[in-house]
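Here is a short tour of one protein model. Look at the helices and strands as you read.

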Amino acid sequence: PNPKHNDTAHYMQLKRNLYGCKQAARNWFRHLTKGLLHLGFQQSSTDSCLFLCNDCILVVYVDDCLIFAKEDKTIDDLIKRLSKDFLLQDEGDVNAFLGVQIDKDAFTKTITLTQPALIQQVLQDIGITPSSKGKDTPVDAILYADSDGPARQEKWNYRSVIGKLNYLANNTRPDISMAVHQCARFCTNPKAVHDLAVKRIARYLLATADKGLVLKPSADMALNMYVDADFAGRW
C-alpha cells in the first residue's frame, strides 16, 4: 500500500524486462553485450553492433546475429557457449539476412550480395513491368529544384520509393547512390521531372536486377579509392 495515501492502491516494481516495454530493446542489447564481452569479444568503437574476437566476428541486428569464422568448429563452439546463457535457434548456413540475398561460390571463393526482392518492390510501386525497357545508366542529367516546373501526375508514394532506393544503395547497389541522392533532395516537393529521374533509376535496376556486391578474398590489405570529382569546377 502507498503510505502517503489513505487508499488500497498497490504498485509493482518490474524486476525483469517484458517484451514491448519502452526499454526492452536497450535492456536486451545490454544483456547481450555483457555476455559477448564475458566470452572474450571486443565491441567495435565505430559500430556498436560489431563484436570482434581473435578468430571470430559477430554482427548483431536486434535479436539476429551473423557469425563469421575460418573454421566451422569455431562457430559451433561459440554457439554452445552462448547457449548456456541465451535461448538460441541455430538457422544454419545463412543465405539471406535483412532482405539481402547471400550467394557463396565455393570455386571462386566469392560472396555475392543482392536484393532482387526489394528491386521488384520498387518496380511494382512505380508500375514498371518486366517487359519494360531497361536503361544502361541510372541518371542522364543533374537534377535541379525546378520549382516552377510541371507538377507530378504519378500516384505512387515518392518518399516511400526513395526510402527503398536508399536501402538498396546503402547495402548492395552503391552504383545508384549518386542518382538516388539527387532524387532524395526533392522529397518534400517533387515535380514531374523528379518522377522521371526516379523512373530512370528503376529502369536501370530492371536491366541490372541480378547485380550486386561481390566480396573476394585478397591478401592485399590496401584501401584504394577512386573519386569522380572536378574540385568545384576548378579543373
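Are α3 and α4 roughly parallel or roughly antiparallel to each other? They are roughly antiparallel; this label is for angles over 145 degrees, while under 35 counts as roughly parallel, 65 to 115 as roughly perpendicular and the rest as oblique.

This is a predicted model, in which local features need pLDDT of at least 70, side-chain atom pairs count only at pLDDT 80 or more, and totals for chains, interfaces and linings use all residues. Residues are numbered from 1 along each chain as its sequence is written, and side-chain values use heavy atoms, without hydrogens and water.

**Helices.** Helix α3 (residues 116-126) and helix α4 (residues 158-171) have axes that come within 10 Å and cross at roughly 160 degrees. Axes are lines fitted to C-alpha atoms, for helices over the stretch in contact, and angles run from 0 to 180 degrees between N-to-C directions. Helices (H or I, at least four residues) and strands (E, at least two) are DSSP runs, numbered from the N terminus.

**Strands.** Two strands pair if DSSP finds at least two bridges between them.

| Pair | Bridges | Opposite residues |
|---|---|---|
| β6 (residues 100-105) and β7 (residues 110-114) | 5 bridges | Asp 103 and Thr 112 |
| β3 (residues 56-61) and β4 (residues 64-69) | 6 bridges | Val 59 and Leu 66 |

β3 and β4 form a hairpin with 2 residues between them. Val 62 in the turn has a positive phi of about 60 degrees.

An open sheet has 4 strands in the order β5-β6-β7-β8, with antiparallel pairing. β5 (96-97) and β8 (213-215) stand at the edges with a single partner strand each, so one side of each has no neighbour in the sheet.
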